[in-house]
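Please keep the sequence and the model at hand while reading the points below.

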Amino acid sequence: MHPIQNFIVSLFNNPGIMKLRVLIVLIIFSYSILNATNEKTKFVQAKRLENPIKIDGILNEGEWTSGTVIDKFTQFRPNPGQNELAGHKTIAYILYDDTGIYFGGKCYEQSKDSISTELIGRDGFGNNDFIGIIFDTYKDNINGFEYFVTPLNEQMDAKQAPNNNGNSEDFSWNSVWKSATSVSDDGWSFEIFIPFASIRFPKKEIQDWGLNVTRRRNITGEQFFWNNLDPNVNGFLTQEGYLVGLQNIKPPVRLQLSPYISFYTNHFPANLSEVSNYTSQINGGMDLKWGINQSFTLDATLIPDFRQVQSDPRVLNLTPFEVKFNENRSFFTEGTELFNKGGLFYSRRIGGTPIKYWNAESLTGENEVLISNPSQSKLINASKISGRTQNGLGIGILNAITNPTYAIIENTETGERREVLTDPLTNYNVFVLNKSLKNNSSISFVNTSVIRFGDDYDANVGAFVFDINDKSNNWNVGGTISSSQILNNGKKDNSYGYYHSIYAGKTSGKLRYNLWQELSDSRYTSNDLGYFTNNNYMTQGIWVGLRWPEPKGWRNNLNTSINLNYSRLLTQIGVQNPNYQVARFNLYVNVQHKNLSLIGLNSNITFGENDFYEPRVEGKYFKRGPSALVGAWFETNTAKKWSVSPEIFVRKYFNFYNGVALDANLYQTCRVNTKLSLRVGVSWQPRFNNAGFSSFAESNPVFALRDIATFENSLRAKYNFTNRMGLNLVARHYVRSIKNKELFYLNSDGIFESNDLLASANNRTVNYFNVDMVYTWQIAQGSFVNVVWKNSIGKFDTYYRSDYFSNLSETLQENQNNNVSVKLIYFLDYNTLFRGGRS
């Protein structure tokens with residue numbers, strides 16, 4: 001028996017883990033049969049190049065004809081398994097030398113008009129044809145590197161690694177490589193050079209890599225692969241071919257620096273004698289990437305500057321949970337796939353809201369006012385080390401430090417000012433071990449910690465994460481087992497919490513299903529370095545899906561699924577309160593028409609709900625009652641110059657207030673030409689007789705029966721002058737207005753109790769208006785000049801105003817914050833500077 005199996009079996013003698021026995025049996029079973037080979041797998045022999053090839057998009061060098069030929073592609077969609085037609089064939093070649101991989105070829109077409117082109121910017125596929133090469137350098141069927149190029153020579157690259165959201169492609173990862181293309185009457189040709197400095201691989205004299213090549217013809221919606229992909233089989237890299245016989249390849253010194261200098265000027269009409277309306281600042285810093293060895297890389301950002309990132313889409317949040325925003329800071333998005341294991345890491349916590357931000361106002365004394373309270377902590381530096389050993393062990397360490405943050409309080413009589421600490425010097429750390437197994441399987445250990453200097457509490461969360469597939473790649477079992485610690489530095493008792501999620505099911509074939517359970521005790525929390533909403537629950541469910549990927553009649557493919565789940569409190573809160581939270585049933589249908597349009601249908605039934613979070617206090621709950629939702633969406637062929645996507649969803653509540661919720665959205669995209677495209681979004685989300693938390697009255701939660709009007713309009717415009725220079729505009733106006741009809745207290749049985757509070761006292765209208773305009777010029781490989789203009793307006797009123805154009809007019813008359821910044825980033829590569837190498 002394998003040593004790992006011996007160890008697991010020995011655990012059965014420990015009565016403390018009796019509840020995990022079934023889970024361990026599943027792991028042993030799955031691990032013991034991890035071995036598979038696809039009979040249809042293709043192999044090609046790697047061939048070494050003697051003289052370097054000029055990357056110009058024209059395959060006129062004789063060396064190409066001696067390269068390994070990659071052809072005979074098979075269609076993945078919309079007609080899985082069909083061979084490509086002779087008039088649209090793809091022929092590619094692959095070679096290598098001491099510096100990197102050469103990949104070139106031609107995508108044939110019957111006419112130039114059949115080639116779809118659009119200048120969209122890096123990592124944006126848009127409405128383009130493309131060719132892409134995918135390497136699985138460790139042959140673990142899990143981790144891969146992807147490189148794509150379009151007919152207009154725009155690059156896309158990504159790393160393949162499964163994450164907590166199920167999406168395995170991380171396009172925030174950017175590498176430095178060369179490409180060139182050439183368009184002709186019978187198709188388009190391409191040449192790509194990928195330096196070994198831009199890819200990781202094991203230390204072996206002779207290497208075999210997983211390999212696949214893909215091509216898209218956008219005009220027909222066809223996608224082809226060199227090694228056939230069966231849509232009924234789980235996994236993408238599990239169906240790869242192989243490039244064999246790479247000999248004596250050694251990565252060069254991997255040392256890359258990206259120093260930057262930036263200038264900011266800001267204008268806000270404060271119109272105060274002691275405050276200037278204009279502020280400006282010059283900053284400088286550097287990003288560093290150093291290959292410690294063949295497998296591991298150190299990334300560091302020194303004196304980081306993230307103020308050019310896109311503005312957050314702010315909203316008036318009426319839920320009891322924090323709004324989760326996307327991460328736009330490049331350091332925390334690029335190459336972070338290891339750190340996302342287990343879903344414990346939410347990078348917006350680093351440099352986020354100080355822990356005592358909301359307490360600052362209460363710290364003012366008599367005749368004192370709060371004049372400054374920074375909403376973000378200042379990041380000093382951040383670094384991460386990540387990589388994978390030759391035997392498939394991935395190791396990741398991320399560390400970041402933020403400066404102490406202070407609020408300023410002023411005495412209105414004496415003018416004296418004092419500082420109040422709202423966030424101490426803080427160290428954030430994420431540590432990950434991930435072992436790749438066969439058949440797209442893996443096990444991981446993840447630990448996050450937050451250490452605050454001083455008297456404030458520290459936090460630590462650890463988790464064991466596993467995802468195991470059997471040798472046929474049909475069955476899967478996985479989950480997360482986690483514990484949390486809140487260390488209070490002797491002020492009070494430490495707190496320890498427990499959480500697990502477990503799932504098992506069938507992951508290949510037309511019929512797929514999954515059984516799952518999540519459980520958290522009342523003390524578990526991952527909030528200090530993760531996104532966290534609630535604890536003390538046990539939720540379980542079943543998901544069943546049916547897929548018909550082959551075309552039939554009027555459709556290209558059809559997917560449908562049902563989902564049933566039930567949730568209850570793990571520990572009852574109060575003697576009279578129920579344990580039941582909610583039970584839901586969901587039906588989903590998605591169809592692609594032969595004309596490449598998409599249709600989706602969705603229905604949901606909630607069988608009553610006891611909401612323990614809406615009251616914002618422990619010991620109370622809100623009895624929402626049952627509800628039903630029906631909805632549909634439609635999207636026309638996005639390969640056309642003009643496409644439209646309407647969607648509508650309606651939910652009806654069956655209780656005493658008979659609430660109705662409507663979501664109506666319309667998105668339109670227009671490609672004026674290959675350089676200019678526009679996308680307009682209009683959203684209307686009214687709520688009639690909505691019931692929810694409004695405020696507190698003497699520590700008692702006050703609920704409102706109300707109407708809510710929410711509008712959101714957005715415009716995205718893109719103009720690319722060349723494939724290295726472009727202008728992007730994002731404009732957004734959001735308005736939410738609340739009209740309270742009646743206010744209530746909450747009885748112990750979750751039902752409303754009338755009171756004499758004035759309903760209109762809590763009426764509100766909030767407007768957010770933002771413009772982000774970004775000019776980007778890639779002056780050299782990896783080097784950029786960015787010019788950014790940001791405009792921001794916020795308007796807050798204590799009355800109800802539902803008319804959209806009145807809100808827009810009054811918002812535009814408010815004081816506006818305008819910011820203009822210029823940033824130069826210059827990429828320096830050690831091999832190019834000192835060894836004359838290619839990068």
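1. Leaving aside residues up to four places away in sequence, Thr636 touches Ser597, Trp642, Ser643 and Val644, where contact means heavy atoms within 4.5 Å. Thr636 sits in the loop between β34 (627-635) and β35 (642-653); strands are DSSP runs of E with at least two residues, numbered from the N terminus. The side chain of Thr636 reaches the backbone nitrogen of Val644 at 2.9 Å. With a relative accessibility of 19%, Thr636 counts as buried (buried means under 20% relative accessible area, exposed over 50%, partly exposed in between, with a 1.4 Å probe and protein chains only).

2. The model is predicted, so local features need pLDDT of at least 70 and side-chain atom pairs count only at pLDDT 80 or more, while totals for chains, interfaces and linings use all residues. Residues are numbered from 1 along each chain as its sequence is written, and side-chain values use heavy atoms, with hydrogens and water left out.

3. Which residues have the most contacts inside the largest nonpolar core? They are Ile101, Ile133, Phe135, Tyr147, Phe190 and Trp209, in a core of 34 residues. Such a core is a set of buried Ala, Val, Leu, Ile, Met, Phe, Trp, Tyr and Cys residues joined through side-chain atoms within 4.5 Å. Among the elements that give two or more residues to this core are β4 (90-96), β5 (100-108), β11 (187-195) and β12 (206-217). The largest share, four residues, comes from β11.

4. Not counting residues up to four places away in sequence, the contacts of Ile101 include Ile94, Phe135, Ile192, Trp209 and Leu246. A second, separate core has 25 residues, including Phe331, Phe339, Val430 and Tyr499.

5. Attention may next turn to an open sheet of three strands, which has the order β18-β21-β22 and antiparallel pairing. Two strands pair if DSSP finds at least two bridges between them. At the edges stand β18 (368-372) and β22 (417-423), each with a single partner strand, so one side of each is left without a neighbour in the sheet. The pairing of β18 with β21 (residues 405-411) runs over four bridges, and Val369 has Glu410 in β21 as its bridge partner.

6. Glu410 also takes part in a salt bridge: its side chain meets that of Arg417 at 2.8 Å, N to O. A salt bridge is a side-chain nitrogen of Lys or Arg within 4 Å of a carboxyl oxygen of Asp or Glu. Arg417 is exposed, at 53% relative accessibility. The whole structure holds 29 salt bridges.

7. Buried charged residues deserve a separate look. Asp797 and Arg801 form a salt bridge whose closest N and O atoms are 2.8 Å apart, and both residues are buried. Salt bridges that share partners join Lys795, Asp797, Arg801, Glu810 and Glu814 into one network. In another salt bridge, Asp305 meets Arg307 at 3.6 Å between the closest N and O atoms; Asp305 is buried at 8% relative accessible area, whereas Arg307 is partly exposed at 39%.

8. Finally, Ile708 lies in β39 (residues 700-722) and is buried at 6% relative accessibility.

Notes: Polar contact = N/O pair within 3.5 Å; in protein donor to acceptor, adjacent residues only side chain to side chain.
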